[in-house]
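Subject: Handover of the structure, with notes

Dear colleague,

I am passing the structure on to you with this message, and I would ask you to keep it open while you read the notes below.

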Amino acid sequence: FGVGKNLFDRLQEDEYDYRRKINTYYPFHDKGEWELGRFLVENLTQTQIDKFLKLKWFHTRPRPSFASKDQLLDWVNALPSFVPWKVSNMEFTGYKMTYPVQLIWRDALEVIKQLFSDPVFANHITFQPHVVNTRGQREYGDYMSADMAWKIQVRPSTVPVGATQVPIILGSDKTPVTHITGGLEMHPLFITIGNLDSEVRSKATLRAWRCIAYMPIAKFHVHPDYQGIFQARLWHKCVNLVCANLKIAAKVDCFMPNPSRYIRYVFTPLVAHVCDLPEAMMIAAVSKSASPITMAMQANFGDGVLYPPCTGHHTLQVIYEISKEVDPWDLDKFQKAAKAAHLSGVHMPYWSDWMFACPSVFLTGEILHTCIKFFADHPLNWVKETVGKCELDACFMVQHKRVGTRHFTKGITHVNQMTGREHRDIQRTIVASIAGVAAPRFIHSICALIEFIYLAQNPVHSPDSLHSMVQALSDFHAFKDAIINAEARRGKKGVKEDFFIPKLKLLQSFRGTVERLGTLMQFSADMTERLLITRCKHLFERTNRRSTDFMEQCVWILNCQESMELFNLYTLFYSRGASLVNAIHIEDEEVTTVNPALSWVSCILPDEAHSVHGPRPVRNHFLKGILSEDALTAFHLTSTPDFNALTPISIQTKYSLLDFNHVLSRFIDQLSLSTGEHTCWDHRYGCFRTWNKFRLQLHSAFQSRVIMPSRVVQAYPPSDAFPLGNCDTVLINVMGDDGQTTSRVAQVRLIFQPKIPQASNLVLPTFLSSPLLYVQFFHFIANPNDCPELAMWTVERTYMIDQHGEHYRCGGVVSLTDVTHAVKLIPEYGNKVDEKISSATSLESYDRFFLNSFTDKESYHTFSTEFT
């Protein structure tokens, strides 16, 4: 529909653009002064800025052009900005409030136009629904790859041919800014669009989410029984005002330029509203005894049945029938009638006239609250009751410490409040930790829930993975009676024999949500929780902390942040004469991070990449590291070893590896025979370089183009802190007796490489020229089917018997590139953890271990698919 102007083009419509043709950084003198001004505004309070500008340091040095903080702030206010904030007085006629209530907001449609035309996102935006098939199966990823996008797009009666879908995603939550009595609360409303890649929307620093309103939290002069109804009605009234033009655009469409300046005819359906359960109930206008997305009632929350959806049409029809009999403002009668129909008393929900909007669809399955916090509130408490707090703490305290994995030094039961990250860390090892302590059926129920939570977080789904997810939830319901039998489910009045848990019922709808809207992780409240910190709590620290005008100060700070971020990127390109259109290109290279601004700047102005804030790329060891034969694994060793020249005797003594010489000799003989390469180098009199750790890097098991952060594998010698050494475990490929490659678990005891004197002409064979590992092996003694309640492999340390009948650990030398994965072993504790064992010795003291498949989502996917 023609060519328009993208976001950066519109910056040139500013009233001071004619000055910026001469001085790009106007009103600042030059780039250096602009960077100083931006630094002061972003990092200092107004009082601190004044103090800085009055320093005697400036008496002998040039002062910046701005002489005071007021002048600096005026200049910042003069920077280009687009969507102004408004203040509207909100009230209900005939009902008084404790204090006047104001809604601070901006037009959601104008914010979407700004977001849709931002050239930064040109390579991370999708305009049309699509179907992806992998290995003969439908793949569900972002929203545009799911069924809902297709369903909306192909309705000729409501969507014109050639129109572009701009799916609206809202997010909201209430948060306390101060925790004192009568403290300040904020209830912001955020917005983004489903056209943007989920990886972009999942990072708070990438500007994919915008704040569009600060909802008022009012206190009415009414009976306490009606306070909640009034607050909910006020909230819906405010959202209705903020999103009014979005609703119109959903019906009659409108024109918007995209990042490449091409004008598109767009419509704006509401497809998701990210929130916690209490807010979901308020949005769906249902009571606490009903599910916000299905027809299930409280008595049905504990069963494993998927009930029909509670559609918006049904809810509106019930409200209409009640309103015909009772005036909605006759609160006493209306509330009673609403409760009888399992409604909350809201009579005009904001979504009622939004085309395609249905709470049973847009209230998506939300990972953070529905899964992670559900785990903390319920399954974790069931485990505490069954295992006992002291024993459970001991199970976590003695686990071997790995770099990059949270270790609970003091246990997990003493902390009343934990973050979602800590709850995820507990999930990684809790199943294997309680084996042998709890009954098998109880363990099976907990394991099934953890499996469900892991599968629900897949970044990409297929019919097979969805079936596995549904089966895991079905397994929980099949074994949940063990939780009741163990009297693990308790309330204030003692043991409970039901599972009336609203979040448990929400899990039943996850499959349908994935099929309709795509993977659940794109709608996780992790993002809105982070935005609450950056857009509310951090802002409070930069205000004068007066509650009377706190919201206005927050709006000013947000305006400054958005204007400065946009102006900084614009001047970066404009000052260098670069195009303001981000050329679209197909990315075939490997992905180490998703940062659209950094990618654009790195491509056009690589010397300016340091000036872009946000997520930094994962270090790519596939470029300069050591690669495995299939090039699927990369390894990194520091150029300087920890020990530069150790003799075999020194290695035997320092690392307590008495059979090092014998094992290395066997390795050389075997490889010489199989490769035909021979050497006259005698390892018994040679020297070796040794390292205490190496890094291992893999591609994502879900998306092969994505490079994962590297994992550290330790191989430290015995010390005071670790009397038996600090050595991690890995999965390696070895040649079996039948000549076939097989996988074995091994503990890395030494990382080494032969060192040839510089004056020597000796050339080592290929198998001695690359780094080697001395490892001690484990062998598999049980597979997941042998112990279905754990669904894990069990391994046992492998021992050999010498000529004197003494047992010793089976060691071997392998190439570094034979390692395929870093793995975590959890000891088979039995009925009780040995009090003499600590985290420094647990891996050396036990002989039987569970190969933990829940170490992370990547490991779980590998062990549940490829490894089997």
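Predicted model: local features only at pLDDT ≥ 70, side-chain atom pairs only at ≥ 80, totals over all residues.

Residues are numbered from 1 along each chain as its sequence is written, and side-chain values rest on heavy atoms, with hydrogens and water left out.

Cavities

A cavity here is a set of points, on a 1 Å grid over the protein atoms alone, where a 1.4 Å probe fits but cannot get out, and its lining residues have an atom within 4 Å of a point; grid points are joined across faces, edges and corners, and the volume is the space filled by probe spheres set on the points. The largest cavity is lined by 16 residues, and C275, A280, T364, T370 and L506 are those that lie nearest its centre. At least two lining residues come from each of β12 (270–274), α11 (277–284), α15 (367–377) and α22 (502–506), where helices (H or I, at least four residues) and strands (E, at least two) are DSSP runs numbered from the N terminus. By class, the lining comprises eight nonpolar, five polar and three charged residues, with Ala, Val, Leu, Ile, Met, Phe, Trp, Tyr, Cys and Pro counted as nonpolar, Asp, Glu, Lys and Arg as charged, and the others, Gly among them, as polar.

Salt bridges

A search of the whole structure finds 32 salt bridges, each defined as a side-chain nitrogen of Lys or Arg within 4 Å of a carboxyl oxygen of Asp or Glu. One of them joins the side chains of R207 and E565, at 3.9 Å from N to O. This pair links distant parts of the chain, with R207 in the loop between α8 (198–201) and β9 (210–215) and E565 in helix α25 (residues 550–574), 358 residues apart. R207 is buried, at a relative accessible area of 15%, while E565 is partly exposed at 30%; buried means under 20% relative accessible area, exposed over 50%, and partly exposed in between (1.4 Å probe, protein chains only).

D425 and R428 also form a salt bridge, in which the closest N and O atoms are 2.9 Å apart. These two residues are three apart in helix α18 (residues 420–433), and therefore separated by about one helical turn. D425 counts as buried at 9% relative accessibility, whereas R428 counts as partly exposed at 23%.

In a further salt bridge the side chains of D856 and R711 meet at 3.2 Å, N to O. Here too the pair links distant parts of the chain, since D856 lies in the loop between β31 (848–851) and α32 (857–866) and R711 in strand β20 (residues 711–716), 145 residues apart. D856 counts as buried, at 18% relative accessibility.

An open sheet of five strands has the order β15-β16-β19-β20-β21, with antiparallel pairing, two strands being paired if DSSP finds at least two bridges between them. At its edges stand β15 (626–627) and β21 (726–727), each with a single partner strand, so one side of each is left without a neighbour in the sheet. Strand β16 (residues 633–636) pairs with strand β19 (residues 693–698) in the antiparallel sense over four bridges, and the bridge partner of A634 in β19 is Q697.

Individual residues

I125 lies in the loop between α6 (108–116) and β3 (132–134) and counts as buried at 13% relative accessibility. Leaving aside neighbours within four places in sequence, I125 is in contact (heavy atoms within 4.5 Å) with F116, N195, L196, D197 and P259. The C-alpha atoms of I125 and N258 are separated by 9.5 Å, although the two residues are 133 apart along the chain.

The peptide bond from Y26 to P27 is cis, with omega near 10 degrees, and P27 is found in the loop between α2 (17–20) and α3 (31–43). R135, which is not a glycine, has a positive phi of about 50 degrees; R135 lies in the loop between β3 and β4 (137–139) and counts as exposed at 82% relative accessibility. E487 likewise has a positive phi, near 55 degrees, and is found in the loop between α21 (481–485) and β13 (490–491), where E487 counts as partly exposed at 42% relative accessibility.

With kind regards

Conventions
1 Å grid on protein atoms, 1.4 Å probe; cavity = no way out; pocket = protein on both sides within 12 Å on 5 of 7 lines; lining within 4 Å.
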